[in-house]
Every structure is written in C-alpha cells, then in structure tokens.
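Me: I would be grateful for a close look at one part of this structure, with its surroundings described in a connected way.

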Amino acid sequence: MSRSQIVLWTTFVLVGLSIYFLVPTVRWYRMPVSERTDYEQQKDPILGKILNLGLDLRGGTHLILELDRSKLDPKININDALDRAIEIIRNRVDQFGVAEPMIARQGDRWIVVQLPGIKDPERAKELIGKTALLEFRLVDDSGALATFSSALAAKKMTVMQFLAQQKAETLSPEIAKLLPKGLEVIPNRETHYLMVHSPAALTGATLVDAKVQFGQGDMGGFPSVGIEFNPEGAKLFGQVTEANVNKQLAIVLDGMVQSAPVIRSAIPDGHAIIEGNFSAEEAKLLSTVLRAGALPAPVRVIEERTVGPTLGEDSIKAGVRSSLIGLFLVILFMVIYYRSSGLIADLAMLINMLFIFGVMACLHATVTLPGIAGTILSLAMAVDANVLILERVREELQAGKSVRLAIDLGYKHAWPAIIDGHVTNLISAGLLFQFGTGPIKGFAVTLFWGVLISIFTAVFFTHMVYDYWFSGTDAPELNF
C-alpha cells in the first residue's frame, strides 16, 4: 500500500470515528431543554458521551473554601493538609457526578471549587464541607446525665442551653466543670442529647466502605447506611462490642449522634449499620461523604457565587457568529490568493476542526472558552503550515521546476519549519497541562491535539490530495 493510500484510509477512518463520537453531542444539543433535564434526572448513558460546556459557557457554582487551621492537628503540615483536602473534595465532587469540575488551591489556605451545571449550590456545599468525623462512643448508663441536669438546673440552666453555649464557646468555667470528667453531652438527631464517654471507643479512620441499604435493622423499610471496616478496624470493633454487650453504642457523625443502638452481641465481622431516620437523599449523601474520607479540618465557605454563563446565551451566539465569519474570511482569502491549492488547504482546515471536536468528544472533554481559544490557535497553525508549503511551492515553480517536482520540493523544504513550530507548541501544551489547572488544562488539551492533528491534515492529507489530483496526468498545471 502506498503512502497516499495509507493517508486516504486513515482519513476515512478518522472522519468516521469523529462523526461517531460527535453524533451524541449533536443529538443532545438539538433536544429541547425540558427533554435534556429529564435525561439528566434519569442519568441517561448519553450524558457520558457528550461534550459538556464549562462553567464559563454553561454557568454553575463557584465556591472559595477556607481550611480552619484552628481545628487542624498541629502535627499535620498545612500544605499537606490542603493537598489532602483538595483530593478529598475532588473525590466527593466526582461522586456528585459533576463533569469537569475545577478544584484548585489558592494561596496557602483557600481552595477554589467550580462546579459547572450545578443548580443546587446548597447540596454541593453540604457535600463538600462535611468534615465526616465518624466516631463510636459508649453511652453512659451510670445516671450521670440526671445528676448533671440537676446541677445545671440549680444554676438555672438547661442542658440545651449548656450545649448552645458550648457550641458558641461562651461557656463559663464554673458551668463547664459541672460536666463529669471523661464524659460529654452530644446532640442527638432523634432525642435532644445523650451523655457519652470520651474519648471515642473507635473512629471511622479504618472505614473502607459505606453503602445505602433499605429494610435493614430496626428501621426496616427506611434507608440506612451500612459500613464496613478494614481488618484492623473490624478487630477493634469486635473487641468494643464484645466488652459492652447490652450497652448503647452511639454512632456520632460530626458531633451529632445519628443513632445509639443497643449492642446485643459481639460484632466480629466489621460490619455495622448507621440508622438515623434518614431520607434516601440524606443516606446517599452520608454514604458518599464516608466513602470519600474525612477532611483534615473543617472548611468554611467564604465566598459563594452562582455563576451564569459568563458570556450569556446571546454572547455565545455572537461568538459563534464571529467565528463563522472569521472562518469564512480565511477560506475566502485562501481561495482568492492560492486558488485551487487554497481550496485544498481550506478542506484540510475543516477536517482538522472535525478531528479536534471528535477527539474532545471521545475524551468526554468539556468545552470552555480557553479550550475554544486552543482550537482556534491550532487551526491558525494549520493554515500557517499550508501557507508555508504553498509559498515554497510557488518559489519552486518560479524557479522553473515542474508542478510535480515543485510540490514535492515545497513540502520537503517547508517541513523543517513546520515541525519546529508544531513541536515547540506541543512542548508548551504539555507543560501547561502538567503544571496548569482548570481552564489552563482545557486550553492545553485542545492545543495539544489540535497541533498534532494539524501536522497530519496540513502536511500528509494535502499532499495526498495532490497525489490523487495529479495521478495519471503527464503535465499537470497549478496556478497561484
């Protein structure tokens, strides 16, 4: 098989693949908005095949989070804590099902989170901000709670007021010392509060899985969360349950008792169930947070914005219109200046654009403004490569070479300049992807693939067209 045949068949295959990957995207954006919403709610498989729009084109939620250093373990380095927090937030967002979120560090204490297409920022904040400190605490059964309540009553204070002042850190030392040592009062989801032993008998650090279950335990028919420990945690959990049969074990999440079941027997297999009168959505959120792990310290939302499309629908349409006008002018210029050779270059540019969007659809990439800029830049490079080739061909024709020889020499002499320019851009794109974040990475991805495709379409594809055009012609003519 000749080189031209290889390029021809490669082009056919790539065109077919590009169309195949782009069909779901075309189908998606031709749907009415109401139909798209239904598909999103049903989590239809088509969602995983389309080109998504980024925050700047689609809108979404923009959050700036701050890590609470006062709650951070002094042994943990702040940089490590931030990196860990970013990784955990990324895991949680991934399970939230957000396409191409941007999660990046800003300064030495802030984390920027951008969630394209998220219309419920409250749910997103709840998912991201949960500390998810899971503890198992034995409930005190010595009657200390009644004694403590009586002591507070003598000071004209209720336990609820005690909890409120404790949370607000306004508790006086005189009142604080009424609480027996080794015990804590913790709010309870189902009753008002419980008195539990401190420290915790077991934490969720050894947790390996958490799943929503239905019809399990005493809350049959209602959702609950089944959890599983690793061997180390299972061994410790077995020891705790074995030593405290017929006692209450409070399951505490982020300082709130979720449930406090009575231990009927030892549980050596490391499986337990968190029951807390959850709704299905709450149980799902809890299981997601537990699977993703606990943040090293709580995070506060210090800035929240619901972002509309930066450019707005009208601006997007205006951008598309201006791009089409620009594309038309480039096509027109190439045809007027290079005539039939300009048409070949235009065809290569259009195929280049089809391949870029095909690759992006294959990678399920997100279209952002920087990504569009990368696409336009790579198309400009494709046009530039064709101009280099055609100018070299023109020089060879003016030197009296035959058309066939002039074309071959034109490609040969333009090749070093083309490859130099494209390789330097590939290196730049690689560095931007490696060290950039969010939109920079989107720009780098489209630039990388655009430049790579440009080499194929501008050099090999156009040369193949000339080969087939002049095949069987003894004295071809080429006028610029």
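Me: Which residue stands opposite Asp 209 in strand 10? Please describe the sheet around this pair and then the other parts of the model.

Reply: In this predicted model, Asp 209 stands opposite Glu 228 in strand 10. Strand 10 covers residues 223-229, and seven bridges link it to strand 9 in the antiparallel sense. In general, the strands of a sheet pair through backbone hydrogen bonds, in either a parallel or an antiparallel manner.

The sheet that holds these strands is open and consists of three strands in the order 9-10-13, with antiparallel pairing. Its edges are strand 9 (207-214) and strand 13 (271-274), each of which pairs on one side only. From one strand to the next, the twist averages 25°. Helix 9, formed by residues 231-243, lies across strand 10 and strand 13, and runs at about 110° to strand 10.

Beyond strand 13 we come to a loop. Asn 277 has its place between strand 13 and helix 10 (280-292). With a relative accessibility of 48%, Asn 277 counts as partly exposed, because that category lies between the limits of 20% and 50%. The C-alpha atom of Asn 277 is separated by 8.4 Å from that of Arg 189, although the two residues are 88 apart along the chain.

A further open sheet has four strands in the order 8-5-11-12, again with antiparallel pairing. Strand 8 (202-203) and strand 12 (256-259) are its edge strands, each pairing on one side only. Within this sheet, strand 5 (residues 134-138) is joined to strand 11 (residues 249-253) by five bridges, and the two run antiparallel. Here Glu 135 stands opposite Val 252 in strand 11.

The helices that follow later in the chain may be considered next. Two packed helices are described by the angle between their axes and the distance between the axes. The axes of helix 13 (residues 369-398) and helix 14 (residues 403-435) come within 7 Å and cross at roughly 145°. This crossing of helix 13 and helix 14 is right-handed. The residues of their contact comprise 14 nonpolar, five polar and two charged ones.

The core has 23 residues, of which Ile 389, Ile 407, Tyr 466 and Leu 478 touch the most other members. Leaving aside neighbours within four places in sequence, Leu 478 has contacts that include Val 393, Leu 397, Ile 407, Tyr 466 and Trp 469.

Technical notes. Residues are numbered from 1 along each chain as its sequence is written. This is a predicted model: local features need pLDDT of at least 70, side-chain atom pairs count only at pLDDT 80 or more; totals for chains, interfaces and linings use all residues. Side-chain values use heavy atoms; hydrogens and water are left out. Two strands pair if DSSP finds at least two bridges between them. Axes are lines fitted to C-alpha atoms, for helices over the stretch in contact, and angles run from 0 to 180 degrees between N-to-C directions. Contact means heavy atoms within 4.5 Å. A crossing is left-handed if the near helix is turned anticlockwise from the far one by less than a right angle, and right-handed if clockwise. Ala, Val, Leu, Ile, Met, Phe, Trp, Tyr, Cys and Pro count as nonpolar, Asp, Glu, Lys and Arg as charged, and the others, Gly among them, as polar. A nonpolar core is a set of buried Ala, Val, Leu, Ile, Met, Phe, Trp, Tyr and Cys residues joined through side-chain atoms within 4.5 Å. Buried means under 20% relative accessible area, exposed over 50%, partly exposed in between (1.4 Å probe, protein chains only).
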